[in-house]
Structures are given as C-alpha cells and as structure tokens.
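Biologist: I would like to go through the labels used for this model. For each one, tell me the value and the cut-off behind it.

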Amino acid sequence: MQYKAPLRDMKFVMHELLNTEAHYQSIDAFSHIESDIVDSYLETAASFAENELSPLNQSGDAEGCHFDNGVVTTPKGFKEAYKQYCELGFTSLTAEEEFGGQAMPVSLNSAISEFMGTANWSFGMYPGLSEGCISTLEHHGTDAQKQKYLPKLVAGVWSGVMCLTEPQCGSDLNQVRSKAEPNGDGSYSITGGKIWISAGEHDMSENIIHIVLARLPDAPAGTKGLSLFVVPKFMVNEDSSLGERNAVSCGSIEHKMGIKASATCVINYDSATGYLIGEENRGLNCMFTFMNVARIGTAIQGVTASQFAFQGALAFAKERLAFRSLDGAKFPNKAADPIIVHPAVRDMLLTTKAFAEGGRALICYMSQFADTVAKGEGEALEYANQMLSLLTPIGKAFLTETGLESAHHGVQALGGSGYCVEYGLEQNVRDTTIACIYEGTTQIQSLDLIGRKVLNSQGKLLANFIKVIEQFCEDNDNNEQMSQFTAPLVQHLEQWSELTADIANQAEENPEAVGGAAVDYMYFSGYVTLAYLWARMAKVAQTEIANGNSEKAFYDAKVKTAQFFFAKLLPRTSTYAERIATGVEPYMSMDVEQFEF
C-alpha cells in the first residue's frame, strides 16, 4: 500500500475548522505565521512521507533492527531517510531559535507528525524521542547544558531518549531503583538498568543523549525521591566534539509484536557519568513539563492507524468483487459488485473514516492549547493548561483504542488478504497495539481522567469544556440543519454531568468505584468530545455548501460522515453509561482464588 497524505483534510481542519492563522496571531511568538507558511510545511512533509518513508514501512517491518554485541543497526534505508529528514529541518521545527531551531508551534508539528507516522510509525519514533529530550533540556537544563547539548540535538546530528522504565516498574515509577552517586566534581555516577527504551541505541546519529530517572543517596522513597540526569552515550568535550565512550551500553533489543523497525532497547548504566537536570528529587516535575505534549504524540498514533486502515480498506473495497447488492446489481456487466456497495463493508469504512477525521480534528484542537501552554501568557495560558490537562487523557486513550479498532476493521474489510503481509493492514494492527500501552495504558489514562482531572478538580476542568460545547449548541440553536447534531449533544452533556456525579457518589461509599468506572467514563467522554468536533465540522461544511463552494462533494462528504457518527457511533455511549450505573461490585465480588475455576 502506498500512503497518500490527507493534505486536503488537514488543511480543512487547520484553516477552516480551527482558523489556525487567527490562533497563531493571538500568540506573540507565532504571530508571523500565516496560512501559506503552514501549507508549505505540510506539503513538504506530505511529499517526504509519501515518497521516502512509506516505501520503507513494510521493508523495515520485515527486516527489523539488528543487534550485535551492543551495536544496533536500523533497517535498510532508515539512516539515509533520517539524513534527509534532518536536512529538511524537521528535527528543528519546534526548538528554540537560540539553538538552531525554528520555534514553530506544537500544532504544526503535530500535523506533520501524523503524515510521518502514518507513512512509517517506526521511523517517526526516532526523532520523536529526541523532541522530548530537547524539551526537557530547554525547560530545565542549565545554560551550560543547553549550550553543550542542544545545538547538535536540534540539528539531528545527535539524538535523544527518555529513560524511565525498569524491569520491576513500568508506569509505577515509585519503584525505580537506578542510583546516582555524587562524584564530587559536579557529576554523578549512574548505575542501573532501563528497559523498553525506544531509540535507546541505533546507527542514525553520532551521539545519543539519555535523560535518566535515578535516585540520589538518602532520597525520599517513592516518586518524590527521583531526580533527572543527562547521560550522554559519548562524553562531550568543551568544544562540543565527542570524547570517550561513557559507561552506557545496550544489553539487547526486544523481540516485539510490532514497530519492529524501532529499536526498543535494554540500556545498562555501569557507573556512567551523568549530570543533574533541575533540582534534586524533582525529576518527575521536570518530566511533566512535556508529558502532555508527549501523550499528544502517542494519541497521533491512533489517528495514523485509523487513516492507514481507511486508505487501505477503501482502495480494496472499490476493486474487490463479491456478491450482488441486495437491492439489485450495481455493476451488471461485472462478475459481481464491488464490496463497497454492501452496508457491512460501508460500516467498517465509515467507522475508520469517522475516527481518522474526528481524531485529526481532536489532535489539532488539543495542539492549539499546547501552543498556548508553550508560549502564551496570563489567563489564556492558565485556561489552555486546564483544557489540555482534561483533553490529554481523553485523546491518548480514546484515539489509540479507536485506532486499534480501525486497524482491525482494515484487516476485516480485506478478508483473507488483510491477514496476509502483502497488503500491510496486519502490520497496522501489530504496530498500533502498543499505542494503547505505552505513555500510560488506556486503563491508567482513564483513571487519570476521572480521578485527577475531573474529581480532584471538583469538576472544574470538565465544566470548562462543557461550557464550550454548550456555547456552540446555543449559537446554533436556531439553525434547523444543525439540530440533528446539537440536540443529541445537549442530551449527552447533561448525561456527562450526571455520570460524573454518580461516580463521585459511588466513590464515597467505595473508593474502588472510581477504578471500576474509569474506562467506561473515558469512552463516554471520548465519543462526546468527537461528537462536538464532528458537529463543528458539519457546520463549516454546511456553510460552504450554502455559499456555493465548488468543492461541494468534499463538504457533503463531511456532513454525511458527521451524520454517520451521530447515528451509528455516538449511541455506543448508552452502553458505557449503563455499565457505570451498575457500580464496581460485579468486578470485586469474586475472591482471587475463584478466578481459577
């Protein structure tokens, strides 16, 4: 399958739905960015993704990474593609100008990341991890650390990785055991092992800069005792040239279900030299600076899965002949009708289309708040931070789960062909499964949503968002064409508030009720969030049709997809609401020993 970037739809979302140019003008740091600049970046990224990355997707999956005594080699073509990626300036997109960056918005980077990720998610993980490293050093590094590491990280000559997970702890970082002993000269001796470190070792950059969580001597227990360190693979001299090899090694690479062209490494630190970033015992606080943006990046993977599944299934469904339409042959001159005439196939196609395009809108919507968090000020910054805090777990969990559902639809639509490697749809399933796991599993993100973001804020964060949707519905109250969208939205907003109160009441009697309701609450929240964005897209499309826009077919398809979402996908919320109402007891009544029977 040859990937084709959805340029027209991305421009629709950024320019027509979310008015990106006006958004940028509201932030001083981005006020110079006009629509034609955005389009130029998008078109360059689309061309690179289609022509350079997409051809390497299946071959990279088949070949995988190679490990030989601590040395990791990426699949054929990856090193050359990475060089082009750097030359096109993508590694420097959002970095500060002082260090060679372009200081462009997160929202533009998110759009570009979707193109790159759909074409080849494994490739995109390498520069993606560097972005987290760069962000950490920009916000918390000393001036000397910034000058030493950032210019070459930003240029892509060096790459970066985030090193958190250990064999005994994944998301529960309370159990981190890696140690940091002061050396007396301002440096620290880092000892320990990290696992599942994406891009932890490879052959595409000259040096790899590790951002490592470790404990100082006598540090408090739990996450309050974690500090953050920069640990280079090769030591860096004062003139930024490379010195001797640090005591950092790759013990092995994981043998995984998917993303096989991305090196997932076991990294060992044997008294490696590292340098403190930020304050002692404040490592997690430093990492939370970029955590929301990192989780947007994972949410993007869900959108890429839906987009890839939709493109592959649509192409096949238009050509594959099987059976006749139930109301009579649509193509009587052919041996059978194309399977796209059948309602069951259209259900799969429209589901993947609705999730891809709705997810794209949500990513761009979230990313605009991330722009304001990065460069905004005052009340706008505070509001954006609150909105992003609420939307991040929804986006990460909901979009990756619906992306995985879409990936399965992609295989199913192709039948036996989808199960075979030649079409690439089974790879999409394998690659996407991890998206529901890393950067906090679906279950953990769901707990974060209902617990930390909704209940712990006394409902303030949710109230902010509900007010936005209510205002949209009020603004369109007298629009007959929009009533098919606004009426169900209003009903769901009332139910959303009621469910929240119901969970809070259940939790007063049994705190486990929060965990029992979390995933269902996340799904309910996700469907309502996408319903809001689909209603907005329908409004834009209806207006363009009424104004006689020459692209009537494009806009009419938007309205029809919105109608499909409201008619066939939004009703799923009733099941989640019913499950929440039954409480936590059905989960907890069975004794552990009884699970065996």
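Biologist: Why is Glu551 called partly exposed?

Modeller: This is a predicted model. Glu551 has a relative accessible area of 32%. Buried means under 20% and exposed over 50%, with partly exposed in between, so Glu551 is partly exposed.

Biologist: What makes Glu551 and Arg8 a salt bridge?

Modeller: The N to O distance between their side chains is 2.9 Å, and the limit is 4 Å. Glu551 sits in the loop between helix H17 (512–546) and helix H18 (552–569) and Arg8 in helix H1, so the pair ties together parts 543 residues apart in sequence. Arg8 counts as partly exposed, at 27% relative accessibility.

Biologist: Which other salt bridge links distant parts of the chain?

Modeller: One of the 22 salt bridges in the structure is formed by Glu50 with Lys4, whose closest N and O atoms are 3.9 Å apart. Glu50 is in helix H3 (residues 35–53) and Lys4 in the segment before helix H1 (7–17), 46 residues apart.

Biologist: Are Glu50 and Lys4 buried or exposed?

Modeller: Glu50 has 12% relative accessibility and therefore counts as buried, the cut-off being under 20%. Lys4, at 54%, counts as exposed, since that label needs over 50%.

Biologist: Why are Glu357 and Lys353 said to be separated by about one helical turn?

Modeller: They are 4 residues apart in helix H10 (residues 343–375). An α-helix has 3.6 residues a turn, so residues three or four places apart point the same way. The side chains of Glu357 and Lys353 meet in a salt bridge at 2.6 Å, N to O, and both residues are buried. Salt bridges with shared partners join Asp9, Glu114, Lys353, Glu357, Arg360 and Lys558 into one network.

Biologist: Which residues form the negative surface patch?

Modeller: The patch is formed by Glu470, Glu474, Asp475, Asp477, Glu494 and Glu498. Helix H15 (460–475) and helix H16 (483–509) are the elements that give two or more residues to it. H15 provides the largest share, 3 residues. Asp477 is in the loop between H15 and H16.

Biologist: Why is Asp477 called exposed?

Modeller: Its relative accessibility is 60%. Exposed means over 50%, so Asp477 qualifies.

Biologist: How do you know that helix H7 is mostly covered?

Modeller: In H7, 15 of the 20 residues are buried. The helix, residues 121–140, reaches 29 Å from its first C-alpha to its last, close to the 28 Å expected at 1.5 Å a residue.

Methods. Residues numbered from 1 in each chain as written. Predicted model: local features only at pLDDT ≥ 70, side-chain atom pairs only at ≥ 80, totals over all residues. Heavy atoms only, no water. Patch = residues over 30% accessible without salt bridge, like charges linked within 9 Å, V, L, I, M, F, W, Y side chains within 5 Å. Areas by Shrake-Rupley, 256 points an atom, 1.4 Å probe, with all protein chains shown as cover. Lys, Arg positive; Asp, Glu negative; His and termini not counted. Charge placed at Lys NZ, Arg CZ, Asp CG, Glu CD. Buried < 20%, exposed > 50% of the residue type's maximum accessible area, 1.4 Å probe, protein only. Expected span 1.5 Å × (residues − 1).
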